[in-house]
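Please read it alongside the sequence and the model.

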Amino acid sequence: IKEMRLRGIKDYKEANRFLREEYLPWCNERYTLEVESVYMPLPEGKDLDLVFSIKHPRKVNKDNTVRFSGRTYQLLPMNGTKSFAGKWIEVCELMDGRTEILWEGKKINYMEIKRIDKKERELKAEEGFLNLRGYVEETKKDKQKKRYTPPADHPWRRYLKKKDVTFYSSNKV
């Protein structure tokens with residue numbers, strides 16, 4: 001603005017001509033720096049899904065399994081490594097919902113194991129035993145215990161009747 005005042009510029013046409021033809025070329029020549037591009041291409045073998053995943057460190061159990069998010073994963077042997085027991089691995093949650101397991105930056109093959117609760121395991125063992133013996137399979141309803149209901153003349157029922165109960169009080173009237 002000072003430069004335009006010194007040159008006597010008083011309208012928009014002259015100001016725009018001055019900026020385009022004189023001031024901007026001078027400013028660009030004086031203050032522009034040439035720099036090299038810092039862009040680098042993506043290295044081969046770099047998996048961006050793993051880079052942008054959420055990583056959770058886990059210690060491998062003695063049976064070569066890892067628990068994560070309510071699931072159990074069995075780690076499979078890999079080149080020269082039969083067992084990962086006691087080693088630290090990373091369970092990676094990828095953005096698309098998949099799960100990857102890494103050890104020292106390398107992917108490990110794994111399979112998910114479906115855990116069976118104790119009651120279900122016992123029922124399956126009994127069913128297997130009965131099938132081996134040639135017995136007919138029982139339904140789950142038959143295996144469940146029936147609830148015991150005491151008879152009407154049971155002692156604890158008599159206790160609650162008013163004629164059998166004597167109340168004692170320490171307050172004398």
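A surface patch is built from residues with over 30% relative accessible area and no salt bridge, in which like charges are joined within 9 Å and nonpolar side chains (Val, Leu, Ile, Met, Phe, Trp, Tyr) within 5 Å. The model is predicted: local features need pLDDT of at least 70, side-chain atom pairs count only at pLDDT 80 or more, and totals for chains, interfaces and linings use all residues. Residues are numbered from 1 along each chain as its sequence is written, and side-chain values use heavy atoms, with hydrogens and water left out.

**Overall architecture**

The protein chain contains 6 helices and 7 strands; these are DSSP runs numbered from the N terminus (helices H or I, at least four residues; strands E, at least two). Along the sequence, the elements follow the pattern α-α-α-β-β-β-β-β-β-β-α-α-α. Of the 173 residues, 18% count as buried, where buried means under 20% relative accessible area, exposed over 50%, and partly exposed in between (1.4 Å probe, protein chains only). The chain exposes about 16200 Å², and carbon and sulfur atoms supply 54% of that area. Such areas come from the Shrake-Rupley method with a 1.4 Å probe; for residues, only the protein chains shown count as cover. Among contacts (heavy atoms within 4.5 Å) between residues at least 6 apart in sequence, 49% join residues at least 24 apart.

**Surface patch and salt bridges**

Leu19, Tyr23, Leu24, Trp26 and Tyr31 make up a nonpolar patch on the surface, with about 500 Å² of accessible area together. Tyr23 belongs to helix H2 (residues 12–31) and counts as partly exposed because its relative accessibility is 34%.

The structure holds 9 salt bridges, each defined as a side-chain nitrogen of Lys or Arg within 4 Å of a carboxyl oxygen of Asp or Glu. Three of these pairs are set out below.

| Pair | N to O distance |
|---|---|
| Glu3 and Arg7 | 3.4 Å |
| Asp96 and Arg98 | 2.8 Å |
| Glu100 and Arg98 | 3.8 Å |

Glu3 and Arg7 both lie in helix H1 (residues 2–7), 4 residues apart, about one turn of the helix. Glu3 is partly exposed, at 37% relative accessible area, and Arg7 is likewise classed as partly exposed, at 47%. The two residues also belong to a salt-bridge network that links Glu3, Arg7, Arg17, Glu21 and Glu22.

Arg98 has salt bridges to Asp96 and to Glu100. Asp96 is exposed, with a relative accessible area of 54%, and Arg98 is partly exposed at 38%. Glu100, by contrast, counts as buried because its relative accessibility is 15%. Glu100 is placed in strand E5. Leaving aside neighbours within four places in sequence, Glu100 is in contact with Leu50, Glu90, Val91, Cys92, Leu94, Lys107 and Tyr110.

**The sheet**

Strands of a sheet pair through backbone hydrogen bonds, either parallel or antiparallel. Here 4 strands form an open sheet in the order E1-E4-E5-E6, with antiparallel pairing. Strands E1 (54–59) and E6 (106–107) stand at the edges, each with a single partner strand, so one side of each is left without a neighbour in the sheet. Two strands count as paired if DSSP finds at least two bridges between them. Strand E5 (residues 99–103) and E6 pair in the antiparallel sense over 2 bridges. Trp103 stands opposite Lys106 in E6.

**The nonpolar core**

In soluble globular proteins, nonpolar side chains tend to be buried together. A nonpolar core is a set of buried Ala, Val, Leu, Ile, Met, Phe, Trp, Tyr and Cys residues joined through side-chain atoms within 4.5 Å. Which residues form the largest one here? This core has 12 residues: Val60, Val66, Phe68, Tyr73, Leu75, Met78, Phe84, Ile89, Val91, Ile101, Trp103 and Ile108. Strand E2 (65–68), strand E3 (71–75), strand E4 (88–93) and E5 each supply at least two residues of this core.

Val60 is found in the loop between E1 and E2 and is buried, with a relative accessible area of 5%. Beyond four places in sequence, the contacts of Val60 are Thr65, Val66, Leu75, Phe84, Ala85, Gly86, Lys87 and Ile89.
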